[in-house]
Amino acid sequence: MKPWAIRRGLAGVIVALFLLVTCWVKPAEAYAWMIRHDYTGCNQCHADPSGGGLLTEYGRAQSDFLLRMRYGAAESYEPPRSAEFLFGVVKLPETVLLGGDIRYARVATRVNGNDASRTFFMQADLAGQVAINRVKVNGSIGYSEQGARQAALTHDPEHNLVSRVHWVGVDIGQDRNWQLRAGRMNMPFGIRTVEHTMWVRSSTRTDIAWSQQHGVSLAYNGADLHGEVMLIAGNFQLAPDAFRERGYSGYVEYAASPHLAFGVSSLVTRAEKDYVSQQSLVRHAHGVFGRYNPVKPLVLLAEANLLADAAEGAATSTGFVGMLQADAEVIQGLHLNATGEALKGSGDYGTKTGIWGSVVWFFLPHFDTRVDVIWQSAPTSFSTVETTMLLAQLHAFL
Amino acid sequence: MNRTALRVSFALAVFALAPAARASDPFPDTIKMQLNLSEAPPCTYCHQTLIGGLMTVTKPFGRTVQKYGVHLQDVAALRNAIMQMQVNGDDSDGDGVGDIAELLQGTDPNVAGEGGIEADEARYGCFCSTPPARSAPSVVGAAGLAGLALSGFGRRALRRRRVERKT
């Protein structure tokens, strides 16, 4: 077969796959507990220098060696074909990364005794990256059944095409430790996690589901130190311009040992008219976070941030948000998580508290499932709202 | 077919056959009926986004409603809250026009002044400053465009192959 025919065939498969994913129904892997395996950095396994999303070839291999349940299979240092994109059906050139995530969920909720439930596609994204020497072009496109409108390309209330990230980057330095990027990117702040509704992410608007912003970032990944700072130009998938937040966000994390890392984060943004509060708003979030692996099966993650909202013509209101999570991998591939979180947002009547109990099972190559039981208590001026949520997810990555 | 492939097939089958179901959201329709409005108010009068959802009641009007003890799916409490708000003249945006009066006028009770939703509602999407008129869901249009691109791409590849054969 002629080389051009192979290229055309490959392109056809990619486009067909995109159509399949978008018509049928996000990767949002970001597992900070990989410090268990001495991975204090993120860029070994992810295309994003601060982690999350599209996997590198090395990351795919580690997902097979370290992440999934192996059912007694012998250890191997040769990554299996099945760990590759589409289980290895399509062999990609070394300069191309492709991936995709489909996440299907059922959520049942009880609020002060009233029940509701729904089943929906949380995520259906295709992501890719092409590298030409030091230059990288990266992007994702997907379908959102509900929500994620801040990342939408189309204009409907529901059922939108979304692009969470799209950027061009260049590796800098002899060891390519630095990366300068421009485009739409995840916000560099705190612990990057798949649990996008966790208050440390949602209240700071730094989740990887839909809080990305357009801007320019500079990331550094060294042996013991890594970090990223982003100058935020605004979310250009949101209008009018008055709603767009401008400012900076960044973090630095230091690995004191292969089993202990801690860092600081800082974020300041200003919107002429905040799209939630409908008034001119300067938003601050500043805090610390850490990851600790005292014994192999156990990883502790912690984050605490000070929040401050300065609305025009009003006094600055302050609050805080924090979380502590214990991840126990009882056998390879099966994780038990316990999380406690607290939030006192600006304008909140009191401190909200939440407890998560989660089971995450990486049961097959490219597949995992998880169940979360989440209890939250939110005081209001009238009463306390108690919410219990059962969330079940099936996740596949291509 | 090996065992792994069988497991993957099974998981995909379960995944593909899983039923879709969505919760009903009676609040906007309840307000519409009670106040005899021509259209149900948008979810964003109370919630952060149009899909509503728990812990997303961030708008001033939504917080006022919550003060009256309204929780998920509690239609009776919502009806009572509307009555109480009308009696008390709650004014979430402090513009001198009560919340219920604003709902009846068709203006946004969260926005002082005229407060029409057109002026203050966030718009989303690519080239979002100029959203196109919607005759069909734009995701369908986008998928159609991708299909056209694919067919054009296929035709071009076929043409090149023919040219190559001739030469």
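Colleague: Hi! Where does Leu67(A) lie?

Modeller: Leu67(A) sits in helix H2 of chain A; helices (H or I, at least four residues) and strands (E, at least two) are DSSP runs, numbered from the N terminus. This is a predicted model, so local features need pLDDT of at least 70 and side-chain atom pairs count only at pLDDT 80 or more, while totals for chains, interfaces and linings use all residues. Residues are numbered from 1 along each chain as its sequence is written, and chains are lettered from A and ligands numbered from 1 in the order in which they are written.

Colleague: Is Leu67(A) buried or exposed?

Modeller: Leu67(A) counts as buried because it has 22 C-beta neighbours inside 10 Å. The cut-offs are 20 or more other C-beta atoms within 10 Å for buried, 12 or fewer for exposed, and in between for partly exposed, with C-beta atoms placed from the backbone.

Colleague: And what is Leu67(A) in contact with, leaving aside its neighbours within four places in sequence?

Modeller: With those set aside, Leu67(A) is in contact with Gln62(A), Gly333(A) and Phe362(A). Contact here has C-beta atoms, placed from the backbone, within 7 Å. Val359(A) is 292 residues from Leu67(A) in sequence, and their C-alpha atoms are 14 Å apart in space.

Colleague: Switching to strands. How many bridges join E1 to E2 in chain A?

Modeller: There are 16, between E1 (residues 96-111) and E2 (residues 114-132), and the two strands run antiparallel. Strands pair if DSSP finds at least two bridges between them. Leu97(A), for instance, has Gln129(A) of E2(A) as its bridge partner.

Colleague: What does the hairpin of E1(A) and E2(A) have between the strands?

Modeller: Two residues, and in that hairpin Asn112(A) takes a positive phi near 45 degrees.

Colleague: In which sense do E1(A) and E18 of chain A pair?

Modeller: That pairing is antiparallel too, over 11 bridges, with E18 covering residues 384-397. Ile102(A) is opposite Ala396(A) of E18(A) there. Another residue of strand E1 is Leu98(A), which is buried because 21 C-beta neighbours lie inside 10 Å. From Leu98(A) to Ala392(A) the gap is 294 residues in sequence and 26 Å in space, C-alpha to C-alpha.

Colleague: Now chain B. How many helices and strands are there in chain B?

Modeller: Seven helices and one strand, in the order α-α-α-α-α-α-β-α from the N terminus on. Of the 167 residues in chain B, 26% are buried.

Colleague: At what angle do H2 and H4 of chain B pack?

Modeller: About 45 degrees, for H2 (residues 27-35) and H4 (residues 75-88), with their axes 10 Å apart. H2(B) and H4(B) are therefore oblique to each other. The contact is made by Phe27(B), Thr30(B), Ile31(B) and Gln34(B) on the H2(B) side, and by Val75(B), Leu78(B), Arg79(B) and Ile82(B) on the H4(B) side. Axes are lines fitted to C-alpha atoms, for helices over the stretch in contact, and angles run from 0 to 180 degrees between N-to-C directions. Oblique is what remains after under 35 degrees (roughly parallel), over 145 (roughly antiparallel) and 65 to 115 (roughly perpendicular).

Colleague: Why is helix H3 of chain B largely enclosed by the rest of the structure?

Modeller: Because six of the eight residues of H3 (residues 60-67) are buried. They are Pro60(B), Phe61(B), Gly62(B), Thr64(B), Val65(B) and Gln66(B). Their cover includes H4 and helix H5 (99-105) of chain B.

Colleague: What is the phi of Gly69(B)?

Modeller: Positive, near 80 degrees; Gly69(B) follows H3(B).

Conventions. Contact = placed C-beta atoms within 7 Å.
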